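Here is a structure to read together, one feature at a time. Have the sequence and the model open as you go.

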Amino acid sequence: MAKNFPKRNEDFSAWYNELAIKADLAQNSDVRGCMIIKPYGYSIWEKMQAVLDEKFKETGHVNAYFPLLIPKSYLSKEAAHVEGFAKECAVVTHYRLKNDEDGKGVVVDPEAKLEEELIIRPTSETIIWNTYKGWIQSYRDLPILVNQWANVMRWEMRTRLFLRTSEFLWQEGHTAHATQEEAIDEAKKMLEVYADFTENYMAMPVIKGVKTANERFAGAEETFCIEALMQDGKALQAGTSHFLGQNFAKAFDVKFSDKDGQLKHVWATSWGVSTRLMGGLIMTHSDDEGLVLPPKLAPIQVVIVPIFNNEEQLNAILDKINPIVTELKKQGVRVKIDDRDTQRPGWKFAEYEFKGVPVRVAVGSKDLENNTLEIARRDEKTKAVVNANEALAYIQNLLIEIQSNLLQKAKNRLQENTHTVDSWEDFEKTINEKGGLVYAHWDGSTETEKLIKEKIGATIRCIPIGNPLQEGKCILTGKVSKQRVLFAKAY
RNA sequence: CGGGGUGUAGCGUAGCCCGGUAUCGCGCCACAUUUGGGAUGUGGAGGUCGUAGGUUCGAAUCCUGCCACCCCGACCA
């Protein structure tokens, strides 16, 4: 299987795609631009969901669910928002099918046309704000801190497994606050939650920043984001958190009586991460042998492969490892024993490597004689023969070690691929030849930003939070610049 | 929506120019030998050749319509 698997640096796209399919994460579906997430891939997503959900709860949020279909009129209430999403919406126009009279099978019944079309949500701001209107009267009703786990649909022209699919799974938090400060704090807080998650669970370091006006979410006053760097030198927007100001409150007429007796519009935020994170996970750690999963998110952390010729041998091996397995499970380690006799050991080794299982334990007759286990780590592809009595502690340490090693390697790569340039020539050369993240001066205008994008395809990923102010000249126009901003080619 | 291309077994393909009932590899099934890094041998199953029509004694092959998908551009979490 792995023999025809493309190498990472030759054609990164092909490599990525093959990997996602062969590691059993997902497959393309017959439905345009939609993917099928397979059980193994979905179990990783579930793990991500569980961790994020707990973090949301810790920060005071609760879950709710809103409808998939949004009346067209809702969408048009916030001008910038429609503008941003209008071009990629799937629309429900009819509610009934019938058998075709000419025998062409099932057709849409023209009689069943909807009075008002329904939009399949590209995001839920509008329907949620239409609902919040009924929930909010007083400052005592605030804040509202609600999250929703859902699917959304954006009719993208070009799709790619996990990174950009027509339908994707995500969470979207929608909060309402009495004051501007509180809303801004909320947006920033959730950005921190995301950054903490990507670094400490996905082992994917990110740059936290603010989007330029041009890259801002449709309807937001300020968009905060986390940007990660992939192995091919392209940036990936891994999560966003928006301060929506009073835009949606005004569009949906959501007002409350404040302590001072005044009627005021509420302040809003929204924030989300999606199955795109799965794409980030794949592109951050995987190698030519397949997926590499950080232990904290791996559905299987340790796989045990017994090597046996007959049932007697298998039983002897199982007797040996069962106490260790029981103890590992008790410690909360996710262990799997693969004692199938339908596949050979070499096949299993390759298979679990492909699926990114962090630790593999092989046990055969040699080990029974010597009271040892062969323990292999996926991240460094090294093996060690360990005394069976010490295996438990060894494996526990190894899982921790792998988690931190992956983060360290990704951090090093981020650092090595971050460049600072001062001239257009350098900029062009760096973007085109090295890739990666490039700090450069920018005059602050949207026209310049667009022109740069047109010229070499790089965009401003963000203005990093805590970015030092320093006088300089815009790399393109030579006009005055207050600070360097972060450029990259992006997914 | 513009420009280009492709539809043949679960997957990847040959055959098409020059018409005669479909090739090869992977995978799948059975048996045997194997089993510490993706085994080998033998045998076997699996096909409306995208679809509808036309030309022809005969169409995967030639012609026409339709459908689907892919690539390049505009768009994008």
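The dialogue below moves from the whole chain to single residues.

Q: Where do I start, and what kind of model is this?
A: Start with the source. This is a predicted model. Then count the elements. Chain A has 14 helices and 27 strands.

Q: What radius of gyration does chain A have, and what would a compact globule have?
A: Compare the value with the rule for a globule of that length. For 491 residues, a compact globule would come out near 23 Å. Chain A has 26 Å, which agrees. The C-alpha trace of chain A spans about 80 × 65 × 55 Å along its principal axes.

Q: How many of the residues in chain A are buried?
A: Burial is read by counting neighbours. A residue is buried if 20 or more other C-beta atoms lie within 10 Å of its own. In chain A, 40% of the 491 residues are buried.

Q: What do the contacts say about the fold?
A: Look at how far apart the partners lie in sequence. Of the contacts in chain A with a separation of 6 or more, 68% are between residues 24 or more positions apart. One pair to look up is Ile-184 and Thr-269. They are 85 residues apart along the chain, yet their C-alpha atoms are separated by 7.6 Å. Ile-184 is found in helix H6, residues 180-200. It counts as partly exposed, because it has 18 C-beta neighbours inside 10 Å.

Q: Thr-269 brings me to strand S16. How do I read the two faces of a strand?
A: In a regular strand, side chains alternate between the two faces of the sheet. Now take S16, residues 267-274. Trp-267, Thr-269, Trp-271 and Val-273 point one way. Ala-268, Ser-270, Gly-272 and Ser-274 point the other way. Both sets are buried. Eight of the eight residues of S16 are buried, so the strand is largely enclosed by the rest of the structure.

Q: Which strands are joined to S16?
A: Follow the bridges. Strand S10, residues 167-177, is joined to S16 by eight bridges, and the two run antiparallel. Strand S13, residues 235-245, is joined to S16 by five bridges, also antiparallel.

Q: How do I find the edges of a sheet?
A: Write out the strand order, then look at both ends. One open sheet has three strands in the order S4-S8-S5, with antiparallel pairing. Strand S4 (69-71) and strand S5 (91-94) each have a single partner strand, so one side of each has no neighbour in the sheet. The twist averages 40 degrees from one strand to the next. S4 pairs with strand S8, residues 113-120, over three bridges. Within that pair, Ile-70 stands opposite Ile-119.

Q: Which residues are closest to RNA strand B?
A: List the residues around the RNA, then sort them by element. There are 35 residues around RNA strand B, and the closest are Gln-237, Gly-346, Ala-350, Gly-364 and Lys-366. The elements giving two or more residues to this surface are S13, helix H10 (345-354), helix H11 (365-370) and strand S20 (372-377). H10 gives the largest share, eight residues.

Q: What is the make-up of that surface near RNA strand B?
A: Sort the residues by type. The surface has twelve nonpolar, eight polar and 15 charged residues.

Conventions
Residues are numbered from 1 along each chain as its sequence is written. Chains are lettered from A and ligands numbered from 1 in the order in which they are written. This is a predicted model: local features need pLDDT of at least 70, side-chain atom pairs count only at pLDDT 80 or more; totals for chains, interfaces and linings use all residues. Helices (H or I, at least four residues) and strands (E, at least two) are DSSP runs, numbered from the N terminus. The radius of gyration is taken over C-alpha atoms; the globule rule is 2.2 Å times the number of residues to the power 0.38. A residue is buried if 20 or more other C-beta atoms lie within 10 Å of its own, exposed if 12 or fewer, and partly exposed in between; C-beta atoms are placed from the backbone. Two residues are in contact if their C-beta atoms, placed from the backbone, lie within 7 Å. Two strands pair if DSSP finds at least two bridges between them. A residue is near a molecule or strand if its C-beta atom, placed from the backbone, lies within 6 Å of it. Ala, Val, Leu, Ile, Met, Phe, Trp, Tyr, Cys and Pro count as nonpolar, Asp, Glu, Lys and Arg as charged, and the others, Gly among them, as polar. Axes are lines fitted to C-alpha atoms, for helices over the stretch in contact, and angles run from 0 to 180 degrees between N-to-C directions.
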